[in-house]
Protein chains: 2
Amino acid sequence: MFNNRTKIKSILDAGETGREVTVMGWVRTFRNNQFIALNDGSTNNNLQVVVPLGLADDDTLKRITTGASVKVTGEVVPSIGKGQSVEVKANSIEILGDSDAEKYPLQPKKHSLEFLREIAHLRFRTNTFGAVFRVRHSLAFAVHQFFNERGFVYLHTPIITASDAEGAGEMFKVTTLPLNSAPTLEDGSIDFKEDFFGKSTNLTVSGQLEGELGAMAFSDIYTFGPTFRAENSNTTRHLAEFWMIEPEMAFYDLEDNMNLAEEFIKYLINYVLQNNADDLAFLDQRLAEEEKSKPQAERNEMGLLEKLRFVVDNNFERITYTEAIDILLQSPAYKKKKFKYEVKWGIDMQSEHERYLVEKHFKKPVIVINYPEGIKAFYMRQNEDSKTVAAMDILAPGIGEIVGGSQREERLDKLISRMEKMHVPVAEMSWYLDTRRFGSVPHAGFGLGFERMVQFVTGMTNIRDVIPFARTPQNCEF
Amino acid sequence: MFNNRTKIKSILDAGETGREVTVMGWVRTFRNNQFIALNDGSTNNNLQVVVPLGLADDDTLKRITTGASVKVTGEVVPSIGKGQSVEVKANSIEILGDSDAEKYPLQPKKHSLEFLREIAHLRFRTNTFGAVFRVRHSLAFAVHQFFNERGFVYLHTPIITASDAEGAGEMFKVTTLPLNSAPTLEDGSIDFKEDFFGKSTNLTVSGQLEGELGAMAFSDIYTFGPTFRAENSNTTRHLAEFWMIEPEMAFYDLEDNMNLAEEFIKYLINYVLQNNADDLAFLDQRLAEEEKSKPQAERNEMGLLEKLRFVVDNNFERITYTEAIDILLQSPAYKKKKFKYEVKWGIDMQSEHERYLVEKHFKKPVIVINYPEGIKAFYMRQNEDSKTVAAMDILAPGIGEIVGGSQREERLDKLISRMEKMHVPVAEMSWYLDTRRFGSVPHAGFGLGFERMVQFVTGMTNIRDVIPFARTPQNCEF
């Protein structure tokens with residue numbers, strides 16, 4: 001047995017002195033041949049290890065470099081240095097693994113996020129990414145806890161799918177056929193019977209349709225898995241591979257759906273406020289520093305922590321799409337022609353419009369409902385006005401759309417006529433329509449982009465910095 | 001707001017009478033124009049709804065058919081019928097969605113698992129699959145709770161990967177190139193620069209290598225995500241798409257690894273024993289019925305619940321591979337030539353060997369360690385004997401291998417020489433080797449096949465029956 005260590009977080013949290021502990025971790029810095037700042041990833045706060053004069057020979061001292069791993073046994077004692085209440089006075093120290101100070105890419109200085117993206121395999125060892133990925137972990141756990149407490153069933157919907165009916169975007173093909181020498185039919189088209197699944201298959205863009213099948217039996221289900229878009233979008237807001245949470249609830253109308261989504265987002269933020277105080281304090285400070293380098297006009301009005309508390313403490317604004325368009329048309333921004341894209345009823349609102357609504361007009365998260373049917377998917381419930389559907393998007397400051405959802409069309413005849421109008425293959429979707437044939441019920445659901453939520457909570461502006469290894473056009477490293 | 005219902009599980013669990021409730025769900029049966037067995041998926045136990053004479057007109061009564069969805073408001077009263085302590089006396093009843101009794105595929109009778117696999121979109125509505133997928137949910141939640149309680153960071157390792165170094169099996173290709181008309185280089189090979197990621201990419205077979213990168217910063221991480229094998233294995237034990245849990249721990253040796261894996265499996269089983277008593281009782285009964293149809297010699301010695309309690313209450317057996325081979329060579333089965341495959345030191349044990357060890361010899365889960373290096377992956381730590389590596393497999397009764405893991409080779413020179421010997425491209429794996437260059441530490445990890453664990457706990461013999469929508473050769477429905 002090797003693992004007799006105590007985690008640094010528990011030593012610092014307990015603040016209990018007088019006991020002997022073994023700690024293991026990586027050296028962040030080593031000052032005056034005496035003070036090791038040691039980190040084991042359990043917290044951003046380093047443990048100060050004091051190496052008494054004469055404990056280690058010169059050779060060992062030379063090997064205590066930034067990035068090296070060490071095992072220390074010693075006594076927890078009160079610290080007289082600032083920044084920590086306790087430290088460890090070493091009784092023994094052992095080098096586990098060296099780190100050549102000249103070659104180690106993570107020097108003890110500030111690196112740019114761009115540089116750290118290039119060495120994503122090492123960036124977890126920095127304070128910023130330590131905090132970001134511990135927060136990401138907490139958010140993921142809070143997702144599961146939220147739904148588990150409410151009796152939702154976690155459903156693993158399939159990743160490889162033959163269905164392309166959702167129409168949510170470009171898809172990646174999945175195949176075992178040899179590229180450029182796949183067998184063909186007489187008409188020259190690919191003979192997919194020879195492919196692994198005997199048909200053409202893709203990576204899923206959403207688990208919703210399969211999720212609905214689960215909701216028609218368990219009432220309340222959710223998915224939490226990877227989804228994919230083969231879109232050539234090289235932006236700070238898009239990934240080719242990202243994680244999504246999609247709850248689906250039988251016996252819910254649009255209002256129930258809004259209530260759950262708002263409760264959910266607040267729950268996630270509250271969970272992190274309670275469980276990641278150190279990480280959020282660090283990220284709050286980091287963002288404040290970053291803001292200083294921006295021109296006054298572009299700075300956020302609120303700091304990170306302030307923003308999170310504000311979201312938790314206030315109701316989300318709820319407006320219809322029609323009201324949203326009216327607000328935009330009445331806005332000074334519109335009158336001064338500051339919007340790049342056209343504003344009129346029927347448009348798919350652009351990022352600039354959404355940001356105006358949340359950041360300038362309401363200054364809080366906004367739920368927009370009842371969108372024109374022409375810009376929304378076939379499965380959304382048709383409203384009485386014959387123009388709009390019972391869709392809802394939640395827009396968040398600094399992020400834009402963070403949730404998209406709707407009440408689903410539960411009436412078989414209306415669903416089929418919409419599918420036909422939108423050229424969705426009705427016959428292939430017979431399994432989906434069975435939920436409307438046998439015991440159909442009002443139901444609703446939404447999708448939360450997990451990385452956007454992590455961005456919102458951590459204040460990271462580039463989505464590539466909140467997923468361990470980003471997949472984007474021309475980029476699939478590690 | 002539509003969702004003012006009370007879930008059936010909470011009504012039955014509370015057993016509180018005298019209050020008015022609204023319930024919504026699907027009709028399982030309707031007897032004597034009076035008694036509805038209503039299910040909303042929160043539990044296998046149906047709520048008996050009594051429809052008083054005269055409450056509903058004939059037309060409504062005719063529409064209360066198996067599969068139809070209804071909304072009932074009524075009073076919770078003591079039940080005189082057997083099987084439940086309370087029932088609901090309806091004050092109002094509303095049909096939400098009809099179900100044509102003649103066309104509904106799920107008749108109120110026993111269907112074969114094979115038939116239900118064909119209608120996987122409806123099988124969630126049966127008792128068997130209701131229980132299986134609520135247990136699956138609980139196991140997934142217990143996974144997250146176990147690691148969260150121990151300070152592990154949940155790391156979402158990538159699904160699309162350009163790395164094929166693991167060598168764990170055949171991979172699915174991921175591409176946006178047109179099949180059969182992909183651009184080519186001068187030598188006729190595919191020009192992957194034109195592909196979405198600018199290189200050849202696949203679906204991951206394991207998140208371990210990326211997980212190790214996380215462990216070298218956070219100490220303890222785990223993954224829980226989908227993994228893929230493009231193997232043409234049409235068996236009851238293989239899926240092309242399945243979910244895997246892979247914890248990776250810095251400062252762990254093989255013994256620490258074994259301890260954690262055993263603790264983990266027991267934790268999962270205990271969690272389900274405590275939280276899914278009704279579902280397990282149903283599955284226990286179901287399995288007992290199924291066993292009756294088998295010849296005496298093939299029946300399991302223990303029932304499902306008995307087996308689960310036995311696993312929780314007893315230590316796993318721990319033996320070396322060499323000891324395992326000796327046991328097999330000494331066995332009556334070997335002497336009577338009952339094994340189909342050869343037994344000698346150096347073999348990759350077959351299912352029949354593993355099952356002999358756990359089911360006949362030890363009659364409990366067995367951890368086998370120190371396998372011959374020739375049959376194990378390049379990253380496993382080389383033992384002093386120069387013949388074996390610090391691998392561990394956990395074998396479970398009825399399932400075979402449920403966990404595979406190892407201490408990892410943390411010594412850079414030994415790792416590189418092993419990689420060269422096994423033709424793993426060292427240069428491409430430079431990011432992985434960086435963990436050994438900069439602060440390398442002893443570390444270990446394992447993978448648990450989630451579906452195999454669900455099989456073990458539910459007693460389902462076909463792996464296709466424990467995942468919502470199975471992906472297998474020539475099969476990718478829904």
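In β15(A), A:Gly404 is the bridge partner of A:Asp393. This is a predicted model, in which local features need pLDDT of at least 70, side-chain atom pairs count only at pLDDT 80 or more, and totals for chains, interfaces and linings use all residues. Residues are numbered from 1 along each chain as its sequence is written, chains are lettered from A and ligands numbered from 1 in the order in which they are written, and side-chain values use heavy atoms, with hydrogens and water left out.

Strand β14 (residues 388-396) of chain A is joined to strand β15 (residues 400-407) of chain A by six bridges, and the two run antiparallel. Strands are DSSP runs of E of at least two residues, helices are runs of H or I of at least four, and both are numbered from the N terminus; two strands pair if DSSP finds at least two bridges between them. β14(A) and β15(A) form a hairpin with three residues between them, and A:Gly398 in the turn has a positive phi of about 80°.

Strand β13 (residues 366-372) of chain A is also antiparallel to β14(A), with six bridges joining them. Here A:Tyr371 has A:Val389 of β14(A) as its bridge partner. Nine of the nine residues of β14(A) are buried, so the strand is largely enclosed by the rest of the structure. Buried means under 20% relative accessible area, exposed over 50% and partly exposed in between, with a 1.4 Å probe and protein chains only.

## Helices α12 and α13 of chain A

Helix α13 (residues 430-437) of chain A is mostly covered, with six of its eight residues buried. These are A:Trp431, A:Tyr432, A:Leu433, A:Asp434, A:Thr435 and A:Arg436. They pack against α5 (208-218), α12 (412-421) and β16 (443-449) of chain A. Just after α13(A), A:Gly439 takes a positive phi of about 70°.

The axes of α12(A) and α13(A) come within 9 Å and cross at roughly 155°. That makes the two helices roughly antiparallel. The contact (heavy atoms within 4.5 Å) involves A:Leu412, A:Leu415, A:Ile416 and A:Met419 of α12(A), and A:Tyr432, A:Leu433, A:Arg436 and A:Arg437 of α13(A). By class, six of these residues are nonpolar, none is polar and two are charged. Axes are lines fitted to C-alpha atoms, for helices over the stretch in contact, and angles run from 0 to 180 degrees between N-to-C directions. Angles under 35 degrees count as roughly parallel, over 145 as roughly antiparallel, 65 to 115 as roughly perpendicular and the rest as oblique.

## Helices α7 and α8 of chain B

Helix α7 (residues 277-292) and helix α8 (residues 304-313) of chain B have axes that come within 8 Å and cross at roughly 120°; α7(B) and α8(B) are therefore oblique to each other. The contact is made by B:Leu280, B:Ala281, B:Leu283, B:Asp284 and B:Leu287 of α7(B) with B:Leu304, B:Leu305 and B:Leu308 of α8(B).

B:Leu308 is also one of the residues touched by B:Ile269, which include B:Val311 and B:Val457.

## A sheet across both chains

An open sheet of six strands has the order β7(A)-β9(A)-β8(A)-β8(B)-β9(B)-β7(B), with antiparallel pairing. β7 (160-161) of chain A and β7 (160-161) of chain B stand at the edges, each with a single partner strand, so one side of each is left without a neighbour in the sheet. Strand β8 (residues 173-175) of chain A is joined by three bridges to strand β8 (residues 173-175) of chain B. A:Lys173 stands opposite B:Thr175 in β8(B).

Methods
Nonpolar A, V, L, I, M, F, W, Y, C, P; charged D, E, K, R; others polar. Lists of a residue's contacts leave out its neighbours within four places in sequence.
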